[in-house]
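Please keep the sequence and the three-dimensional view at hand while reading.

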Amino acid sequence: MISFTLSLVALVLGYLLYGRFVERVFGPDDRVTPAVAKADGVDFIVLPSWKIFMIQFLNIAGTGPIFGAIMGAAFGPAAYLWIVLGCIFAGSVHDYLSGMLSIRLGGANQPEIIGRYLGKTTKQVMLVFSVFLLMMVGAVFVFSPAKILGDMWEPAYMIETFGQYTFWIIIIFIYYIIATMLPIDKIIGKVYPLFAFSLLFMAAALLVMLLVKQPDIPEIWEGLSVPALTPKSIFPCLFITIACGAISGFHATQSPLMARCMKSERMGRPIFYGAMITEGIVALIWATVAMYFFYDQPTPGYELMEGGLAAKNDAPSIVNLICNDWLGVFGGVLALLGVVAAPITSGDTALRSARLIIADFVKLEQRTIRKRLYICIPMFAAVISLLVWQMSDKSGFAKIWNWFGWSNQTLSVFMLWAVTVYFVQQKKPYVITLIPAVFMTAVCTAFLLSEQLFSLGQYYAWIVAAVACVVSLAWFGLWYRKNSNINK
């Protein structure tokens, strides 16, 4: 628990100190924001700062800091280091700067920001890449809550006629359509803060239980002496597994949603940087809870709970077991919200982001419902097709999830490089994004080659990742030298 306490303090200090430093580097001012200049009552609309924070937190979190942290804890106490260092120096910086650049560029979405600084070709690639990622999020976050709800109750007629889970899939899709189509303040602005509060309350309650129980779990300085409970290598798999609690490219697709609702640029640090630090704290709490479940001495938690051994590799089941055991009936309700409501809310904001990205690309205004339907109908048809394939293939969910993990972190790579170029152009200290950009380039390269495509051995994947770092730095160095000469 010493490592947990130190990590918690580090995250708070990271917000207070490094967050303020990053804010000063960017330099927010009092210019008119897109929420005011482009107000349309649908997507561009001024919301209270507390509400924006809660929506931003839920949008970027979902079940990511819960499931990712649980699966990441299987790597041992190294998970603490990645959550703390990744959240402070990579994830929060990534989220803050992607949100602030969106404001500066009139509420621009992620592909537009990347295209502005990395070129039109990169913009086109990122547009397809990000829309496909967001549709994968919609598909992935339909099936998991539908399965949980279907296992609890489902009309027998629907099961016999259309198959299991179909009823809940239809219900969730109806909600998706309504939430994606309506103005952001109608459902998202009213309901999301409540769901965000439930996630935060659940984390706070678990924090209290950790302080009461004081489990005997591994510390950071024990390092590799703690046996990992997964056959996967720490590098690169840990850095893909724990995404939302450290850095996640998906966040840069969500930050523009809130950038279009902010009255002042000065709200940026508490909303963007602060929401990510908060997510890191939630991930830290769940990683510690999972450490208790996996490693507690003298008896691991899974041996003390009925059904614990069977749930050892199933993150949603671990959430249910822990919450019911530690928090009782109320904990069970919070767990249900966590594993059902959170993914649904992430899914609908993902599809809302996809609608806006496509609309900006085809230059189709979104004030009228008819124009929104032009985009939503084919988009939802594509998501349904992806979902049908996922359900028909026994390994479909695992395949989509693995590609989602890699695609998610790859998006962060492009955003970090784009912001680095922005800082160079503005003659600001670009090293704060250059270092995480190079590191995540190595992570995504190694994961793609070792886990997704060619199943290269760990040694060879590391070599290629090192080469990717050298090449990316060399390419940046050549561009920087050229850019410096032009500006002389």
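The axes of helix α5 (residues 78-104) and helix α11 (residues 234-241) cross at roughly 55°, and α5 and α11 are therefore oblique to each other. The model discussed here is a predicted one.

**Packing of helices**

Two packed helices are described by the angle between their axes and the distance between the axes. For α5 and α11, the axes come within 10 Å, and the crossing is right-handed. From α5, the residues A78, A79 and W82 take part, and they meet I234, L238 and F239 of α11. By class, this contact of α5 with α11 has 6 nonpolar residues, with no polar and no charged residues.

A second pair is formed by helix α3 (residues 49-61) and helix α10 (residues 188-213), which pack at an angle of about 65° with their axes 8 Å apart. That angle makes α3 roughly perpendicular to α10. The crossing of α3 and α10 is left-handed. On the α3 side, the contact includes W50, K51, M54 and I55, and on the α10 side it includes I188, G189, Y192 and P193. Further residues in this contact include F57, L58 and N59 of α3, together with F195, A196, F197, L199 and L200 of α10. The residues of the contact of α3 with α10 divide into 13 nonpolar, 2 polar and 1 charged.

T433 has its place in helix α18. With a relative accessibility of 1%, T433 counts as buried, because buried means under 20% relative accessible area. Leaving aside neighbours within four places in sequence, T433 is in contact with V93, L97, L416, V419, T420 and F423.

**Buried, partly exposed and exposed residues**

The table lists the relative accessible area of several residues.

| Residue | Relative accessible area | Class |
|---|---|---|
| R269 | 8% | buried |
| L118 | 27% | partly exposed |
| Y157 | 56% | exposed |
| K427 | 65% | exposed |
| K363 | 74% | exposed |

R269 is placed in helix α13 (residues 268-295). When residues up to four places away in sequence are not counted, R269 touches Y15, L16, G19, R20, E23, Y96 and G274.

L118 belongs to helix α6 (residues 110-118). Not counting residues up to four places away in sequence, L118 touches F414, W417, A418 and V421. L118 and I88 are separated by 30 residues in sequence and, from C-alpha to C-alpha, by 25 Å in space.

Y157 has its place in helix α8 (residues 156-162). The C-alpha atoms of Y157 and A246 are 44 Å apart in space, and the two residues are 89 residues apart in sequence.

**Backbone details**

Most residues other than glycine have a negative phi, and most peptide bonds are trans.

Where are the residues K363 and K427, each with a positive phi, to be found? K363 is not a glycine, yet it has a positive phi of about 55°. K363 lies in the loop between α15 (315-362) and α16 (369-392). In K427, likewise a residue other than glycine, phi is near 55°, a positive value. The position of K427 is in the loop between α17 (396-425) and α18.

Notes: Residues numbered from 1 in each chain as written. Predicted model: local features only at pLDDT ≥ 70, side-chain atom pairs only at ≥ 80, totals over all residues. Heavy atoms only, no water. Axes fitted to C-alpha atoms, helices over the stretch in contact; angles between N-to-C directions. Helix = DSSP H or I, 4+ residues; strand = E, 2+ residues; numbered from the N terminus. Parallel < 35°, antiparallel > 145°, perpendicular 65-115°, else oblique. Left-handed = near helix turned anticlockwise from the far one by under 90°. Contact = heavy atoms within 4.5 Å. Nonpolar A, V, L, I, M, F, W, Y, C, P; charged D, E, K, R; others polar. Buried < 20%, exposed > 50% of the residue type's maximum accessible area, 1.4 Å probe, protein only.
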